[in-house]
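Me: I would like to go through this structure with you piece by piece. May I start with a single residue and work outwards?

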Amino acid sequence: MSEFNSPSASSGNNNSQASVDFVRHVRKTFEAAYGAPTFIAAAARRSADQPSVVSIAYTTSQRDFASDRKRKVAGHMALAFSDNSATVLAKSPPADASSVVMSQPSPVDSSLVAVLRSASKLERTVEIWHDGALVKSVDVSKAHGDFYGDSTFGSLAWSADGSSIVYAAEKPEYDKAHPETDTMAVQDSGTDGDITDDIVGGVAGIADPRRYEFDGDWGETFNGKRPPALAVFNVSSGAVQILPPPDGVSPGQAQCLADRIVFTGYKHAVRKHGIVYCQNRPTGIYTCYFDGKGVRCLFSGSVRSPRITPSGKGIVFLSTTLGGPHASTSELLYYDIAAESVTTLVPIIDQPLSELQTIGGTQLPAGFVGIYADQLPTEPWMHIADDSAREVLVFSSIWRSTVAVLTLDLEARTLSLQTPVNNTCDNVVLGAAGDIVVGKRSTPAQPEVLMVGEAAWHDGGIAVQWYGIGASGSNSTKWQVIHGSCGDTSRLESIFIYPPVAGQETRYFWSGSAATRPLAVVPHGGPHSTYTLAYNALAAGLARLGFGVLLVNFTGSLGFGQDAVLAQIGQMDTLSIDEIQAAAADIHARGHGDAQRTVYVGGSYSGYTGALLAGLVPGFYRAIVLRNPVISVGENAAMSDIPDWNYAELDLPYTFESPPELTPQAFAAMWRASPSRLVDKVSDPMLLLLGASDRRVPPA
């Protein structure tokens, strides 16, 4: 068995220069790979005076290795469109925006911007800016807890008249016990009367009893965070009103109609099931008045991302099957406010369409696989010249092993593909305004760059002309999408990323032919997620060091139709295992990787499959790296923030309203699917990485 060309431990324990050089080379390689900025928000506006000039405000997230934290950076640029090209006219220097949670311009006056700022856990302000100048800053630290700025609950919306803004924040904390300091208040009044039990709140220095009522958090990424409530901020007075959430509901994703607030309500019992990355939870689309009264549920199911149409006549939102797989194909629904009725705009697709088809009144493009989007863009509406009253929704969705941009003309009921799906790159929408859409583009080896699209009517439909903004950088790393394995016609699809030739960068791990190149097999977690052609820092770093990297999309991955998702259910310990091994063997057979220098890297569900493979095929992998793997399914069911996952993937019954007890029979079924039953078969070197705060797969 050939060895990786790293400095040998026999060189002594005094850290030889060769060892130091090796560590430095690996560190610099991964810092370069992981240091690339990610675009997390962007908005575009045409100049009123010069329509050919477009202003873009954007925010990026980037790792700061020196201070060991992530930074948010705000930027601004002006573009000019002419002769089918876009030219950058001006670009502002980057500004640190790490304290900004969310920002949103007013629909009445785009020069007026609301900002939620959190300078620390104890400092929170709502700010109003006008033409770049701060005109109001209100400390809301005592009104409520931390802001919610995530995609699940995060909200920041202006009322239609611009008088108020609505946002989501932790519910206020109930009073804790404290000494009485008012000398008059501590005197016994001597008043006779009945003692009643209708005391509300904390009195006489005693804590508010409600402080000790169990009201758990929403699991992974929300550790220790109190559930959200909606807050209404009066722009003129600076007053904040906290709206009491409906019983058994946590609100988020607020939008504003003329006289009402629209929001997603996440339903829960005493125990809240983890919500992030889980699209199958019981939810509803709700409305209420700005004082919190008149709460009404418009639609119940497993829904999210309500977006009010520009006309204000309807609401579009995503809906996924309640229960079962945590993520699957979504349908796009439309709620008619006047008629109080729901229409399916885009249905669930069981298998990719072989040709252009009209289903349920909507024309769908050939090859369409269904909608796979965690959320719709915050600003998803386009208004195209010559018919600006027409409502056009733009969004991005997984399409096999890539992400594509789609537009839906609500009047014509036509869904159109606006970016190629020819395995060249990923395209993701960040937002839209008028006939301009702004997004980001990347490849597995090239970090993200902004892209700007200009939409127009063409041959009765919508066509978007795209312009890439900024250089994507250059490196020698290549990639290809591999369908099936060795002629297999299953739903298996993989992305293979590799350095084409050996060189100075690869010297420690590879210096020969393609057949001697080390191979890292890296399936995704979930299991219902997908590797796409988006930039992948881990794969890019490994490829620069000389590894071929195999990103495996096994059956059950998103983007291949609902039948593919459901095919995984009940086969979590067999189907993906077989396909991962088939994909790795295929690379060996093609002469693209060394079977004697193949390693495995996985986390969560792919940590689970890696742990299984360690016991099922000992000797196949030279080393195995597992991050928070599910080792014992039954024990995970008892501790995880998503206990239903352990039942659903084994096709065992589970209801959110009345979760089942973990019976001996259920535990036995989970044990039969657990890697822990194979522990005595494991012989390969294994590195276990366990996160102390992981709620999905808590360390036992």
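Me: Which residues does Asp 644 touch, not counting those up to four places away in sequence?
Reply: The model is a predicted one. In it, Asp 644 touches His 273, Asn 280, Arg 281, His 326, Tyr 654 and Phe 656.

Me: Where is Asp 644 found, and is it buried or exposed?
Reply: Asp 644 is found in helix H7, which covers residues 643–648. Its relative accessible area is 3%, and it therefore counts as buried, the cut-off being under 20%.

Me: What separates the C-alpha atoms of Asp 644 and Phe 656?
Reply: They are separated by 8.1 Å, with the two residues 12 apart along the chain.

Me: Changing topic to the nonpolar core. Which members of the largest one touch the most other members?
Reply: Those are Val 521, Val 552, Ile 580, Tyr 600, Tyr 608 and Tyr 621, in a core of 40 residues. The element that gives the most to this core is helix H5 (residues 605–616), with six residues.

Me: What is Tyr 600 in contact with, leaving aside neighbours within four places in sequence?
Reply: Its contacts include Val 521, Ile 580 and Tyr 621, which are also among the core members named above. Others on the list for Tyr 600 are Pro 523, Ser 606, Thr 609, Gly 610 and Leu 613, as well as Ala 623, Ile 624, Val 625 and Leu 626.

Me: Which residues belong to the second, separate core?
Reply: That core has 29 residues, among them Ile 349, Ile 371, Leu 393 and Ile 398.

Me: Back to H5. At what angle do H4 and H5 pack?
Reply: Helix H4 (residues 575–589) packs with H5 at about 75 degrees, and the axes are 10 Å apart. The two helices are therefore roughly perpendicular, a class that runs from 65 to 115 degrees.

Me: Which residues meet there?
Reply: From H4, Ser 576, Ile 577, Ile 580 and Gln 581 meet Tyr 605, Thr 609, Leu 612, Leu 613 and Leu 616 of H5. By class, this contact of H4 with H5 has six nonpolar and three polar residues, and no charged ones.

Me: Now the backbone. Which peptide bond is cis, with omega near 10 degrees?
Reply: The bond from Gly 526 to Pro 527 is cis. Pro 527 is in the loop between strand E34 (519–523) and helix H2 (537–545). Such cases deserve a look because most peptide bonds are trans.

Me: What about phi at Asp 131 and Gln 253?
Reply: Both values are positive although neither residue is a glycine: about 50 degrees for Asp 131 and near 55 degrees for Gln 253. Most residues other than glycine have a negative phi.

Me: Where do they sit, and is each buried or exposed?
Reply: Asp 131 is in the loop between strand E8 (123–130) and strand E9 (133–139), and at 58% relative accessibility it counts as exposed. Gln 253 lies in strand E14, residues 249–256, and at 5% relative accessibility it counts as buried.

Me: Last topic: in what order do the four strands of the open sheet come?
Reply: The order is E28-E29-E30-E31, with antiparallel pairing. Strands E28 (426–433) and E31 (461–469) are the edges, each pairing on one side only. From one strand to the next, the twist averages 30 degrees.

Me: How many bridges join E28 to E29?
Reply: Seven bridges join E28 to E29 (residues 436–442). Within E29, Lys 440 stands opposite Val 428.

Key. Residues are numbered from 1 along each chain as its sequence is written. This is a predicted model: local features need pLDDT of at least 70, side-chain atom pairs count only at pLDDT 80 or more; totals for chains, interfaces and linings use all residues. Side-chain values use heavy atoms; hydrogens and water are left out. A nonpolar core is a set of buried Ala, Val, Leu, Ile, Met, Phe, Trp, Tyr and Cys residues joined through side-chain atoms within 4.5 Å. Buried means under 20% relative accessible area, exposed over 50%, partly exposed in between (1.4 Å probe, protein chains only). Contact means heavy atoms within 4.5 Å. Two strands pair if DSSP finds at least two bridges between them. Axes are lines fitted to C-alpha atoms, for helices over the stretch in contact, and angles run from 0 to 180 degrees between N-to-C directions. Angles under 35 degrees count as roughly parallel, over 145 as roughly antiparallel, 65 to 115 as roughly perpendicular and the rest as oblique. Ala, Val, Leu, Ile, Met, Phe, Trp, Tyr, Cys and Pro count as nonpolar, Asp, Glu, Lys and Arg as charged, and the others, Gly among them, as polar.
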